[in-house]
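Please walk through this two-part tour with the structure open. It goes from a core to helix packing, and then to a loop.

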Amino acid sequence: MSQMSMIKAINSALDIMMQKDPTVVILGEDVGYFGGVFRCTSGLQAKYGEHRVIDAPIAEGGIIGSAIGIGTNGLRPVAEIQFADYIYPGMDQILSELARLRYRSGGEFFSPVTVRTPCGGGIRGGQTHSQSPEAVFTHLSGIVTVMPSNPYDAKGLLISAIESDDPVVFFEPKRIYSGPFDGDPDKPAVSWSSHPGGEVPEGHYTVPLGKAAVIEQGSDLSIVTYGTMVHVVQAAVRKSGVSADIIDVRTLAPLDIDTLRESVEKTGRCLIAHEATRFCGYGAELVATVQEECFYHLEAPIGRVAGWDTPYPHAFEWEYFPGQDRVLAGISSIMESV
Amino acid sequence: MTPKSRLHIPQPSARPGEEPDFSYLSLSEAGAVARPDPDTPASKIENLAHEMVRVLDDDGIAKGEWVPDLNPEKLLKALRMMLLTRIFDARMQRVQRQGKISFYMQSLGEEAVSIGQGMALERGDMLFPSYRNQGLFILRGTSLVDMMCQCLSNTRDMCKGRQMPIMYHNKKGNVFSISGNLATQYPHAVGWAMASAIKGEDHIAASWVGDGSTAEADFHYALTFAAVYQAPVILNVVNNQWAISTFQGFAGGERRSFAARGLGLGIPGVRVDGNDLLAVYAVTDWAAQRAREGRGPTLIELVTYRGGAHSTSDDPTIYRPKDEWSSFPLGDPIERLKQHLVNAGHWSDEQHAELEAELKKSVDDDWKEAISYGTMTEGPRLNVDEMFDDVYAETPAHLKKQREQLRALRGSSS
């Protein structure tokens, strides 16, 4: 075991997979010589060479399209899109090609591409460096969508993603790259060294795709969340004094329905929390699923805490971000329902 | 043995600790390239995409057929505008380092692009800038206080706090809103120019991208549409050698010039010394004449050097030699124009020093005024209610409800 930030954990997952599997190649903007603008690929080109850690032209559609081709020819590509906000030029390749290649070829062709991309706000990135577009991808049949909330999961899930023959879009919440963040920007930043999720094995291990984690056990309420919001929810629950299950979804699609059902059947109340915009957000699917699975166990309407339905404003980052006060209001509203 | 395919990885000429080497840049002598009539068919002037239009020689003497018709007053204005851009940049870079603004991007070393090209265009022409074209805004009369207030996201911010620093716009000055996404503005410029042609107006459009962004599909869409419809547009590639950490070879600049990208579509390309204000002005004026006379688009490559980091989030010492800029064979655009004006007897070192002091003082005064409208941490703040405005022309019910929710939350927490 050693202490790792999420950046270090991702770097370690890539390093281990490149060592273990000579077919793994990385491509993306600034990933090679420079080691990535967030340093996730630091040192890998020096170690594995320029033919395996490939600097790419600034063309997200080209990166994802060529990654698909590389993947169909026996290699296992890990593409980096520098910010999730810049993934859209690659959207046609993801939606029409990557997601459907296996299906349309009767199961004969596939491309095991992993697309890594930093997402989320909290770094004063304004509307073009703060988005959480996960629901755009969970809506596509054929794509596995992942968002870890700590270094341990990030490494284990990324190794699973790379080993998987299915295409994975792997979101990295950049606000928690260096340390957990409870939603209070005025508090001094903390590092992962004081958090159990920062304890990461040096070697190979996996966290399975498609499995949620119940990170806190309670009796009165189930809170379903993922990414940065896991930490915000934990802080809000401590403040509220409510006894809550906190479920970190981790793999957004395919969804671990069993874990959700078990929890909500036990507590009878459910709150969903995510940073992305609310309307048609991933929370809408969670609400619908919980309602279908657990209707007769519910004692209150399912609640949602989410980003407002506006682009991410630079000046009002903290008014936009669904912080602890919004989670607390969501908890009160559900607990006060008779 | 039969040769085998091998993945080619472009290599920059020098990395940190190595001697800068610009031998890969093919240069023409000042005055060496002939200036064709603007009505010359594209197929007859393909040489312009490979040679380099240069007017000022190493001694600052203007030479050849491309010497533009610019009187000393105009040249002094250009010098002043370039210097003002640089001083503004330096000031904003400093306040970012002091934590007063969240982010900044300088145009250090590239000032002749915006100032030279902007001066060659008419006020009614529409500009679609990239994020390193602050000179265009300054030239089109955007007040520095307004630009500073945008960077501060304060109560006078033209973007109402919604954009990161440097994402300006100037509706009245005909400068489009800057996007953080790369090359997206290129097809917009073509579309604007198509509309100008549809409406029978003689305004033209111009847009800018960096060498790196030419890899984006939007660049290629724009060229295709511009060629198909012969849109009155000037498409500019600012080849400043570096796209964050990747040198221009990663955008495909190793084998042919960026100016040559349009040749396959029949779009004339002109490669120009981007640090030579006279040459920049002259080729832009030439392309504008072509566009206005119905001869369609021109692709201009401006060869320059990114003197600073990509942004305040970047550290170029990791990937390029520290002193690379000082070895760049096309020099510093401000020094070159100054030398030309001094040689011609229109300017002196003393006057230059005075101007520099005057502009520094005025930028300092502008900053003092700008922060009186608030900073990220002090002074007046924008009304948070405005966060929900302008998502749609009329704010829909669900956003009004969210605004009420936020009001209630803020009311209860204060």
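Start at Val283(B). Leaving aside neighbours within four places in sequence, Val283(B) is in contact with Val53(B), Val270(B), Val272(B) and Ile300(B). Contact here puts two C-beta atoms, placed from the backbone, within 7 Å. This is a predicted model: local features need pLDDT of at least 70, side-chain atom pairs count only at pLDDT 80 or more, and totals for chains, interfaces and linings use all residues. Residues are numbered from 1 along each chain as its sequence is written, while chains are lettered from A and ligands numbered from 1 in the order in which they are written.

Val283(B) belongs to the largest nonpolar core, which has 216 residues. Such a core is a set of buried Ala, Val, Leu, Ile, Met, Phe, Trp, Tyr and Cys residues joined through C-beta atoms within 7 Å. A residue is buried if 20 or more other C-beta atoms lie within 10 Å of its own, exposed if 12 or fewer, and partly exposed in between. Val146(A), Ile223(A), Val233(A), Ala189(B), Val233(B), Val272(B) and Val283(B) touch the most other members. Helix 7 (residues 277-292) of chain B supplies the largest share of this core, 11 residues. Helices (H or I, at least four residues) and strands (E, at least two) are DSSP runs, numbered from the N terminus. A second, separate core of 9 residues includes Ala315(A), Phe321(A), Met387(B) and Phe388(B).

Now look between the chains. The contact takes 37 residues from chain B and 34 residues from chain A. On the chain B side, helix 11 (residues 397-413) gives the most, with 6 residues. By class, that side has 21 nonpolar, 14 polar and 2 charged residues. Ala, Val, Leu, Ile, Met, Phe, Trp, Tyr, Cys and Pro count as nonpolar, Asp, Glu, Lys and Arg as charged, and the others, Gly among them, as polar.

Next, helix packing in chain B. Helix 1 (residues 72-97) and helix 10 (residues 349-371) of chain B pack at about 45°, with their axes 10 Å apart. Axes are lines fitted to C-alpha atoms, for helices over the stretch in contact, and angles run from 0 to 180 degrees between N-to-C directions. The two helices of chain B, helix 1 and helix 10, are therefore oblique to each other. Angles under 35 degrees count as roughly parallel, over 145 as roughly antiparallel, 65 to 115 as roughly perpendicular and the rest as oblique. Residues of helix 1 of chain B in this contact include Leu84(B) and Phe88(B), and those of helix 10 of chain B include Leu359(B) and Trp367(B). This contact of helix 1 with helix 10 of chain B has 8 nonpolar, no polar and 4 charged residues.

The axes of helix 8 (residues 229-240) and helix 12 (residues 324-336) of chain A come within 9 Å and cross at roughly 55°. That makes helix 8 of chain A oblique to helix 12 of chain A.

Return to chain B for helix 9 (residues 333-343). Its buried residues include Ile334(B), Leu337(B) and Leu341(B). Their cover includes helix 1, helix 2 (111-120), helix 7 and helix 10 of chain B. Gly345(B) follows helix 9 of chain B, with a positive phi near 80°.

Finish at Thr312(B), in the loop between strand 7 (298-303) and helix 8 (324-327) of chain B. Thr312(B) is partly exposed, with 18 other C-beta atoms within 10 Å.
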